[in-house]
Amino acid sequence: MGDVILQTNNIVKNYRHFRALDNVSVTLERGHIYGFIGENGSGKTTLMRILTGLSFPAEGSCSLYGKEGQAEMRALRRRIGSTIEEPALYPDFSVWRNLELQRILVGNPDKSVCDELLKLLDLSDVREKAVKKLSMGMKQRLGIALALVGKPDMLILDEPVNGLDPRNISALRTLLQKLNEEQGITMLISSHILKELYLLATDYIIIHRGKILECLSHEQLAAKCENYVRISTDDLPECVTVLEKELHVLDYKVMDDRTVHVYAFTEEPQRISRALTEHHIVVGELAVQGRSLEDYFFTVTSEV
């Protein structure tokens with residue numbers, strides 16, 4: 001248990017007649033980067049708000065570093081840096097002033113931390129600029145800088161790449177990896193850009209309609225995201241019949257774009273091609289491809 005930083009047990013959260021979280025239990029271990037995956041309204045932000053003390057569950061419990069008491073939790077949350085929904089910024093104050101106020105608020109005596117973070121987040125050039133004049137991308141970077149002011153053990157970041165262009169997304173990914181590897185900061189990060197999470201995270205938590213569907217490591221996900229044979233044809237029913245009766249394939253999925261993903265014969269796709277040709281099925285495309293994190297997410301959530 002020494003490596004467990006945060007743990008929830010059967011967390012329930014209701015908003016009137018809507019159950020936002022349904023018996024959510026997760027365990028976050030030191031030094032991991034958790035990609036938090038779910039559709040809008042799935043409960044990601046609600047859980048993050050509870051973890052950071054911005055909201056409280058109707059049922060269940062939460063512990064930090066093995067402590068559950070309210071007073072202890074309040075003190076230990078100082079070791080968590082976070083941006084939930086939108087960064088809390090003072091629009092009329094400068095970028096540096098926002099950081100300095102946060103430094104005072106969290107009680108960090110190191111007065112050099114603000115300048116260090118401006119450099120780290122590539123904000124030095126806008127140091128004296130009013131926050132209300134910043135682009136959305138710069139505001140996102142400032143929000144992450146604010147989360148780092150207290151030199152936290154853990155970061156909880158809700159959609160941190162919103163408003164960032166591809167170059168800045170890549171730079172942020174590099175920064176988060178560096179913070180994780182060099183400072184051992186544990187992270188819980190939600191994002192709709194699943195390709196980025198796949199490049200960054202060491203573990204994944206999939207939530208759907210308030211329920212945790214899966215918690216798995218990057219290695220476990222890689223094993224599940226195996227190659228498949230993608231078949232495009234106008235003779236879809238006949239194609240499926242050949243797969244089942246002639247090739248005895250049961251591990252396949254008919255997709256919304258009227259293609260079939262076959263998770264067999266990836267080393268011998270010609271056997272599928274030969275069988276379809278023998279039954280006079282016209283194939284527009286037949287190619288071996290890899291299943292992405294996005295594909296896997298859609299597969300898991302569609303089965304619920």
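Me: Let's begin with the rings: how many aromatic pairs does a search of the whole structure find?
Reply: The search finds three aromatic pairs, where rings of Phe, Tyr and Trp (its six-membered ring) pair if their centres lie within 6.5 Å, and planes under 30 degrees apart count as stacked, over 60 as edge-to-face and the rest as tilted. One of them is formed by Phe-297 and Phe-298, a tilted pair with 5.7 Å from centre to centre and 55° between the planes. Please keep in mind that this is a predicted model, in which local features need pLDDT of at least 70 and side-chain atom pairs count only at pLDDT 80 or more, while totals for chains, interfaces and linings use all residues. Residues are numbered from 1 along each chain as its sequence is written, and side-chain values use heavy atoms, with hydrogens and water left out.

Me: And Phe-297, is that one buried or exposed?
Reply: Phe-297 is buried, with a relative accessible area of 5%, whereas Phe-298 is partly exposed at 46%. Buried here means under 20% relative accessible area, exposed means over 50%, and partly exposed is in between (1.4 Å probe, protein chains only).

Me: Which other residues are buried in helix 11?
Reply: Helix 11 covers residues 293–302, and besides Phe-297 its buried residues are Leu-293, Tyr-296, Thr-299, Val-300 and Thr-301. For the naming, helices (H or I, at least four residues) and strands (E, at least two) are DSSP runs, numbered from the N terminus. The cover over these buried residues includes strand 4 (33–37), helix 7 (194–200), strand 9 (203–208) and helix 8 (218–224).

Me: What sits over the ring of Tyr-65?
Reply: That is the charged end of Arg-79, 3.9 Å from the centre of the ring. A charge sits over a ring if NZ of Lys or CZ of Arg is within 6 Å of the ring centre and within 35 degrees of the ring normal.

Me: New topic: how many disulfides does the search find?
Reply: It finds zero disulfides, a disulfide being a pair of cysteine sulfur atoms within 2.5 Å. The sulfur of Cys-215 is too far for a bond, because the closest cysteine sulfur, in Cys-62, is 14 Å away. Cys-225 is in no disulfide either, and its nearest cysteine sulfur, that of Cys-215, is 16 Å away.

Me: Now helix 5: why is it called largely enclosed?
Reply: Helix 5 is largely enclosed by the rest of the structure because ten of its 13 residues are buried, among them Gly-137, Gln-140, Arg-141 and Leu-142. The buried residues pack against strand 6 (80–83), helix 3 (95–106), helix 4 (113–120), strand 7 (154–158) and helix 6 (166–183).

Me: How far apart are the end C-alpha atoms of helix 5?
Reply: They are 19 Å apart, which agrees with the 18 Å that its 13 residues (136–148) should span at 1.5 Å a residue. The expected span is 1.5 Å times one less than the number of residues.

Me: Which residues touch the most other members of the largest nonpolar core?
Reply: Of its 46 residues, those are Leu-142, Leu-155 and Leu-176, and the largest share of this core, six residues, comes from helix 5. A nonpolar core is a set of buried Ala, Val, Leu, Ile, Met, Phe, Trp, Tyr and Cys residues joined through side-chain atoms within 4.5 Å. Another core, of 25 residues, lies apart from it and has Leu-6, Leu-28, Ile-80 and Ile-205 among its members.

Me: What is Val-26 in contact with?
Reply: Leaving aside neighbours within four places in sequence, Val-26 is in contact with Leu-6, Gln-7, Thr-8, Ile-205 and Ile-212, where contact means heavy atoms within 4.5 Å. Val-26 is in the loop between strand 2 (18–24) and strand 3 (27–29), and it is buried, with a relative accessible area of 4%.

Me: Last one: what is the phi of Asn-10?
Reply: Asn-10 has a positive phi of about 50° although it is not a glycine. Most residues other than glycine have a negative phi. Asn-10 is in strand 1 (residues 4–15) and is partly exposed at 43%. His-280 also has a positive phi, of about 60°, and lies in the loop between helix 10 (269–278) and strand 14 (283–290), where His-280 is exposed at 71% relative accessibility.
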